[in-house]
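Here is a short briefing on a structure. Look over the sequence and the coordinates first, then read on.

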Amino acid sequence: MAVKLARVDRQDWFDSLYSATYRAVVGSVYFVVLDRDVAAEITHDAFLRLWEHYGRLPAGSNEKAWLIRVATNLAISHRRSQRAAWRRHVDDQEPADPGLQALNNLELVRVRRALLMLEPRDRAVISLRFDGGLGFAEIGAIVGKPENTVKTRFHRSLDTLRRQLGDANPVDVDSQMKDGSNA
Amino acid sequence: MPDNDSTEQRLSDFYHRSRVAMSGPVPRWDPVTGTTVKQGWGRELMIAGAAAVFILAVVGGARFLRQSQSPAAGPKPTPAPSAFTGSCKLPLTWADPSSGHMTGGFVSFPGASFATDPSVSGLNTPFGAGWVSYDAPMRRWVPVDRQMVSPDGATWVYSALRTGNENHAVDVRTGRDTTLWGSDRVFHVFGLENTFAYAMLDSTGVPQLWRLPLDGSPATQIRVGGNWQFVNGGAAWEIGSDSLAAGAPFSLQRLDLQHNTVTTWLQLPGPGTVVGFDGRGAPIVQVGGPGGDVIVVTSQGAQRLLAKSFYFVKGTIGIDHLPALGDAHGIWLAAQDGIYLSVNGGVPSKQSFPALLAGPCS
């Protein structure tokens, strides 16, 4: 019989949320800290908090929204830890991967550098807007700022990014490689 | 929403391409030790593992998807007893535990006898190994998931992440490889009709649905908005919500690809996932994630319960592979403990060992 008597216990609850939301959460964190090691570490901490909040979230809560809010704010307030640095050291010894080659696309490096010029909270606003497609009110609810403040920070950050990115052709990767501008 | 300013395009492209590169396996969570562990790695890399998910996850790294999201165990030599008396051969696929590569074979009914098919081993796209499926109309295995095979079986599509996301159509009869239009962009192809592929393009900040001719001629934008996930029966389908707010409603949306009209097909009590389509093209949905009820949305606003509290085989929820499949015999469901079949809307019964569904029983 395919019909099973599911015992929705803490582990089931957590497992389903973890598998369904991990990528969304780690992506949201990465776009704030722009460091894969730190992003994984913060994401882990966010899920640990979810685990600890079993049965304590208000009825009807959207756990994904709760996780993204918690993780984003952890990312905004993050200070790089020794643990992440150590992980980076270990990972640097892994063989090259096609994914790394893809991420090494110089255009992505340029954009990442420009984003690093912003404060973490502003990076969160930009990514929640462009990556998450959220409205300013929703972003405000996540980062804990009024909607108008979010709008102001968004436009100010966008101006900063425009100055940083200049008018370079975003797809002319070959010419940038010839210039030797690889990060 | 953002306009098409160059900086905004570049930001959107950055986020989208980063998301593509992050689309690999989710590291395993161990709540006891409080660690996340990549599947299939040694202890040393387990310690360092959680941090590396970005690098490991890549379109071209489908082998990782295959290794970690497919059933870990191979088929058991003695299939489970089957009461199904129909006559057909069901193609199944699974990850070979020794190599990690996908392999496959057939369960023959009646009797549920099983035989591997050696022609499956080593099937690769030019960009690497990934899923495999059985192209029933052409009676051959192809190295992509069945959503990437046209309904007539004449064409399959694979992707190669380079400057953009190159999408290629391969003619099953001749082997001819055609690069689809827009290879400098990051199209995510999610389904096929006989002459078109359908893809989402997010690089402008607003998701767009495009139709890409399989002959490589210029594509056309169909509409802006949406998060279309699957194509079946002349329609694109998605389940979504307009808001992240607590209690926000979810709904199954249907886009008529001929008339470009969107219809709310079913309101859902919470998040849901399209897990397949029945033999008539009706979407099969799991409500509430793993362990949730499985329903068939028989028509607009109408649903039929297929199974309660069902656990599909691990690694098939939230990614492109669909763990439910309808054909002339009924609806097949790939569960964690075996393949189940529902005949005439009845309660599904176990037919076979755990595996992935590679195609209809024919």
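Which residues does Val120(B) touch, not counting residues up to four places away in sequence? They are Met102(B), Thr103(B), Gly104(B), Val132(B) and Trp141(B). Contact means that the C-beta atoms of two residues, placed from the backbone, lie within 7 Å.

This is a predicted model: local features need pLDDT of at least 70, side-chain atom pairs count only at pLDDT 80 or more, and totals for chains, interfaces and linings use all residues. Residues are numbered from 1 along each chain as its sequence is written, while chains are lettered from A and ligands numbered from 1 in the order in which they are written.

**Val120(B) and its loop**

- Val120(B) sits in the loop between β5 (113–116) and β6 (133–135) of chain B. Strands (E, at least two residues) and helices (H or I, at least four) are DSSP runs, numbered from the N terminus.
- Val120(B) is buried, with 22 other C-beta atoms within 10 Å. A residue is buried if 20 or more other C-beta atoms lie within 10 Å of its own, exposed if 12 or fewer, and partly exposed in between; C-beta atoms are placed from the backbone.
- Gly105(B) is 15 residues apart from Val120(B) along the chain, and their C-alpha atoms are separated by 7.8 Å.

**Chain B overall**

- Chain B holds 4 helices and 27 strands.
- Of its 362 residues, 53% count as buried.
- Take the contacts in chain B between residues at least 6 apart in sequence: 44% of them join residues at least 24 apart.

**Sheets in chain B**

- Strands of a sheet pair through backbone hydrogen bonds, either parallel or antiparallel. Here, two strands pair if DSSP finds at least two bridges between them.
- One open sheet of 4 strands runs β11-β12-β13-β14 (chain B), with antiparallel pairing. Its edge strands, β11 (187–192) and β14 (220–224) of chain B, each pair on one side only.
- β11(B) and β12 (residues 196–201) of chain B are antiparallel and joined by 5 bridges. His188(B) stands opposite Met200(B) in β12(B).
- Another open sheet of 4 strands has the order β5-β4-β3-β27 (chain B), again with antiparallel pairing. β5 and β27 (356–357) of chain B are the edge strands.
- 2 bridges join β3 (residues 88–95) of chain B to β27(B). Thr93(B) stands opposite Leu356(B) in β27(B).

**The largest nonpolar core**

- This core has 137 residues; Val29(A), Ala197(B) and Ala199(B) touch the most other members. A nonpolar core is a set of buried Ala, Val, Leu, Ile, Met, Phe, Trp, Tyr and Cys residues joined through C-beta atoms within 7 Å.
- Helix α1 (residues 10–33) of chain A gives the largest share of this core, 10 residues.
- Domain 1 (10–94) and domain 2 (97–183) of chain A both give residues to this core, so it lies between them. The domain bounds come from an automatic or database domain assignment.
- Leaving aside neighbours within four places in sequence, Ala199(B) contacts Phe187(B), His188(B), Val189(B), Phe190(B), Trp210(B) and Leu212(B).

**Helices in chain A**

- In α2 (residues 36–52) of chain A, 12 of the 17 residues are buried, so this helix is largely enclosed by the rest of the structure. Among the buried ones are Arg36(A), Asp37(A) and Phe47(A).
- The buried residues of α3(A) include Trp66(A), Leu67(A) and Ile68(A). The buried residues of α3(A) pack against α1, α2, α7 (120–130) and α8 (136–143) of chain A.
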